[in-house]
There are 2 protein chains.
Amino acid sequence: MAERIVIIGADAAGMSAASQARRVAARSGREVELVAVDRGHWTSYSACGIPYWVGGDVDGPHGLVARSAEEHRQNGIDVRLSTEARAVDLDTGQVEVVGNGSARTTRLGFDHLVLATGAVPARPPLPGIDADGVFGVQTLDDGATVIDYLARRRPSRAVVVGAGYIGLEMAEAMVRRGLQVTVLERAPEPMTTLDPDMGSHVRTAMQGMGIEVVTGVTVEGFDTAPGTVSATPAGGSVRRVRTDAGDYDADIVVLGIGARPATQLASDAGLPLGATGGLRVDDRMRVSGHENVWAAGDCVETFHRVLASYVHVPLGTHANKQGRVLGMNLGGGNAVFPGIVGTAVSKVCDLEIARTGVSVAEADAAGLDYVTTTIESTTRAGYFPGAQPLTVKIVAERSTHRLLGGQIVGREGAAKRIDVLAVALWNGMSAGDLAMSDMSYAPPFSPVWDPVQIAARKAADELD
Amino acid sequence: MAERIVIIGADAAGMSAASQARRVAARSGREVELVAVDRGHWTSYSACGIPYWVGGDVDGPHGLVARSAEEHRQNGIDVRLSTEARAVDLDTGQVEVVGNGSARTTRLGFDHLVLATGAVPARPPLPGIDADGVFGVQTLDDGATVIDYLARRRPSRAVVVGAGYIGLEMAEAMVRRGLQVTVLERAPEPMTTLDPDMGSHVRTAMQGMGIEVVTGVTVEGFDTAPGTVSATPAGGSVRRVRTDAGDYDADIVVLGIGARPATQLASDAGLPLGATGGLRVDDRMRVSGHENVWAAGDCVETFHRVLASYVHVPLGTHANKQGRVLGMNLGGGNAVFPGIVGTAVSKVCDLEIARTGVSVAEADAAGLDYVTTTIESTTRAGYFPGAQPLTVKIVAERSTHRLLGGQIVGREGAAKRIDVLAVALWNGMSAGDLAMSDMSYAPPFSPVWDPVQIAARKAADELD
């Protein structure tokens with residue numbers, strides 16, 4: 001009889017896992033039955049595309065779906081949407097599910113369980129945070145809700161809480177929808193995954209597109225009508241954001257203060273969570289200590305190769321890779337997820353922003369001894385039409401000279417250069433090694449020393 | 001007394017060496033006297049920018065000069081232009097030079113000699129090759145000569161011989177100057193540093209901009225008037241290119257069939273050349289067997305890390321790095337030039353072209369056992385505005401799974417991705433390692449699996 005694999009969560013990690021398990025099992029003639037449940041309405045979509053959908057740059061929601069439920073079903077995966085997993089019983093090997101219009105709980109037996117429950121936007125317990133018009137953005141359904149709100153209420157003032165990737169992208173989306181936008185950030189500069197000196201470039205770009213940027217400010221609550229605080233949606237729609245430095249009018253609020261792993265179900269079932277709150281898995285994506293339970297994506301914590309410790313980094317790129325590795329192993333193959341180095345990229349207006357490895361703050365927290373160098377250069381030869389400015393910052397370890405981190409801000413053509421630094425870090429290269437490596441050069445593409453190599457060279461000089 | 005360092009050749013390699021030697025020597029309190037001679041009229045310029053200058057996209061020649069002779073002199077380097085080194089006497093430590101308007105030969109003593117004599121465009125001994133209007137393009141002076149010819153003669157038909165980097169760039173420059181352009185290439189497809197299946201994309205792009213591309217054809221000579229063949233400039237200007245497949249009218253001819261190391265001077269002095277014709281140097285850029293003779297740039301041969309053999313690759317990026325390493329060592333420091341992996345990038349019209357490592361032909365010649373994979377993807381998420389098609393091809397070794405080479409063709413945003421492959425090759429990464437590495441992702445920058453990773457993943461699957 002076929003082994004049954006139940007997958008909870010039908011986005012990137014879950015469906016990559018299901019597809020790979022099916023493919024690999026089929027190759028070895030192993031019979032598997034794949035059942036994927038998800039409380040939402042979509043499969044295999046690009047959550048990263050939501051801000052661009054909200055901003056009107058891309059079509060959604062269908063345009064953001066890489067593979068629909070129907071396509072997965074045609075591949076033999078039993079996808080059940082609008083279906084919520086309520087509990088997992090590891091002893092009997094069953095999942096309690098409710099859904100598809102019925103309030104009845106049914107039990108779904110499994111031989112293997114895959115947890116791909118994702119992450120949920122952080123919602124600190126502030127007064128009024130559950131008011132109508134205060135949104136976190138994580139799923140396609142969240143995106144649809146925001147778009148619906150914008151269409152129905154026609155808000156004119158948006159406040160975005162948090163100036164990280166999602167906050168910035170949603171702020172830009174709101175500007176493109178014609179709203180007045182204020183971004184509130186607790187830190188001294190936006191984008192705290194960068195060092196403040198690099199984050200200040202982000203502030204300038206945001207201000208350049210008319211966004212009000214307020215930093216060093218703590219949000220204390222949300223008012224639904226002048227002077228009143230509501231703690232429930234029934235209390236009305238958001239009207240104002242209260243902070244320790246005054247109030248900000250808002251017809252819509254977007255929370256961009258991070259996401260936490262959605263692990264309640266796993267935790268209730270007694271599965272192990274790490275210090276980050278994410279599920280502990282081994283490098284084959286098996287939940288630690290559980291032979292037949294697997295997990296991948298935004299609900300797990302991940303090994304950071306530079307820090308040599310576990311971190312929670314909910315990004316689609318990791319979810320896809322982890323799902324693939326999980327599925328290969330589950331299908332009978334052999335694959336390893338080798339960890340991450342903390343690479344990320346984004347843009348706000350025409351400023352491209354990228355980082356990899358550790359920032360100065362992370363290096364300090366990890367007790368690393370380092371030097372930093374920052375250089376200004378151009379995306380093409382300085383004399384070539386279209387050459388754009390960019391700034392590259394490098395963090396390198398004093399004792400070993402190895403690269404610890406890199407940050408890039410600049411105009412078109414700047415950010416993707418971070419991948420070279422990411423692969424260099426991945427391999428433990430020293431700053432001097434990278435400076436001398438054989439990167440491509442022609443005037444339409446870079447100065448004769450690529451900006452990344454100029455920065456690495458300067459770091460190497462500094463270390464000598 | 002100060003040691004005298006004589007540098008022959010005042011472009012990238014020579015002047016990088018001079019500048020570094022000065023800097024490093026000064027730091028250690030060592031006294032050096034630096035004399036640089038060059039038969040041309042310029043220092044430290046971007047030869048790679050010449051086609052764009054000819055095409056009218058960038059200003060020249062001054063705009064292509066990174067540091068002028070005057071600037072170098074202000075830094076204490078005695079630069080002597082229009083001054084040709086005629087002979088080197090290693091026994092007495094002297095260089096014979098002629099120049100600056102005088103026919104008198106003078107002797108310049110040296111404690112250390114730096115050879116940075118560059119390369120010269122290949123000029124096969126074909127009938128008529130020395131006719132007026134047949135140009136190789138290597139130096140700023142060459143560029144000025146071509147521009148002058150275009151202005152004076154107003155040619156309407158250009159033939160470019162050779163469809164490599166220079167040939168393609170010069171063909172595009174001629175199109176931009178309003179000429180009808182034919183490119184003649186001996187191989188089956190343009191750009192033979194790529195595999196033919198990738199080169200065919202280049203052919204399509206060239207044809208798309210109106211260039212006539214004739215492949216599989218051998219040039220046999222140049223006519224200066226209908227029916228006559230001239231072997232000297234005095235015989236008149238070029239009028240036609242003869243090939244084994246018919247004749248092509250031409251008012252101007254550009255040779256783009258490679259460059260050979262300019263090593264006559266070195267060879268006459270008894271210095272060792274390798275099989276490539278380039279000077280043999282160690283990894284500190286010292287000429288093999290000669291304590292006080294150094295060389296860098298287009299006149300030397302270079303260690304190819306993937307092939308583990310010596311190659312001649314005349315590119316500005318190597319010249320700059322080698323010059324820097326040479327200068328650091330010569331100044332009393334300690335630096336190593338670690339070789340190359342064969343990275344190069346170019347564009348023709350809006351097609352970007354890049355390669356690194358070995359092509360299939362090179363892998364075959366080296367007796368490597370490999371698999372290849374080719375994928376089509378996009379420069380941004382498929383649904384994101386401005387996503388452009390690109391093709392990535394990977395060559396990976398069957399036994400070790402290590403990456404051997406990569407090729408990319410595509411529209412804007414495609415080619416610089418080659419650097420990731422270059423750094424991966426540099427580190428001996430396997431296809432599977434690269435597929436799982438932490439490259440950046442956001443919809444404006446790449447699909448969730450970067451195209452390079454899609455290709456690496458497919459290669460890894462193939463190898464399994």
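Reader: At what angle do helix H1 and helix H8 of chain A pack?
Author: Helix H1 (residues 12-27) and helix H8 (residues 316-330) of chain A pack at about 30°, and their axes are 7 Å apart. This is a predicted model, in which local features need pLDDT of at least 70, side-chain atom pairs count only at pLDDT 80 or more, and totals for chains, interfaces and linings use all residues. Residues are numbered from 1 along each chain as its sequence is written, chains are lettered from A and ligands numbered from 1 in the order in which they are written, and side-chain values use heavy atoms, with hydrogens and water left out.

Reader: What counts as a helix and an axis here?
Author: Helices (H or I, at least four residues) and strands (E, at least two) are DSSP runs numbered from the N terminus. An axis is a line fitted to C-alpha atoms, for helices over the stretch in contact, and angles run from 0 to 180 degrees between N-to-C directions.

Reader: Which residues make the contact of H1(A) with H8(A)?
Author: Among them are A:Ala13, A:Ala17 and A:Val24 of H1(A), and A:Gly323, A:Leu326 and A:Met328 of H8(A). Contact means heavy atoms within 4.5 Å. The residues of this contact of H1(A) with H8(A) divide into 9 nonpolar, 5 polar and 1 charged. Ala, Val, Leu, Ile, Met, Phe, Trp, Tyr, Cys and Pro count as nonpolar, Asp, Glu, Lys and Arg as charged, and the others, Gly among them, as polar.

Reader: And in chain B, how far apart are the axes of H1 and H8?
Author: Helix H1 and helix H8 of chain B have axes 7 Å apart and pack at an angle of about 30°. The contact of H1(B) with H8(B) has 9 nonpolar, 5 polar and 2 charged residues.

Reader: Switching topic. What rotation superposes chain B on chain A?
Author: A rotation of 180° with 0.0 Å of shift along its axis, at an RMSD of 0.0 Å. The copies are superposed by least squares on the C-alpha atoms of residues with pLDDT of at least 70 in both. The two copies are thus related as by a two-fold rotation axis. In chain B, the C-alpha nearest that axis belongs to B:Val420, 2.6 Å from it.

Reader: Which residues does B:Val420's helix use to meet H10(A)?
Author: B:Asp419, B:Val420, B:Val423 and B:Ala424 in H10(B) meet A:Asp419, A:Val420, A:Val423 and A:Ala424 in H10(A). By class, that contact has 6 nonpolar, no polar and 2 charged residues. The axes of the two helices come within 8 Å and cross at roughly 15°.

Reader: Why do the copies meet through the same surface?
Author: Because 100% of the interface residues of chain B are also interface residues in chain A.

Reader: Where is the cis peptide bond ending at A:Pro61?
Author: It runs from A:Gly60 to A:Pro61, with omega near -5°. A:Pro61 sits in the loop between helix H2 (50-54) and helix H3 (69-74) of chain A.
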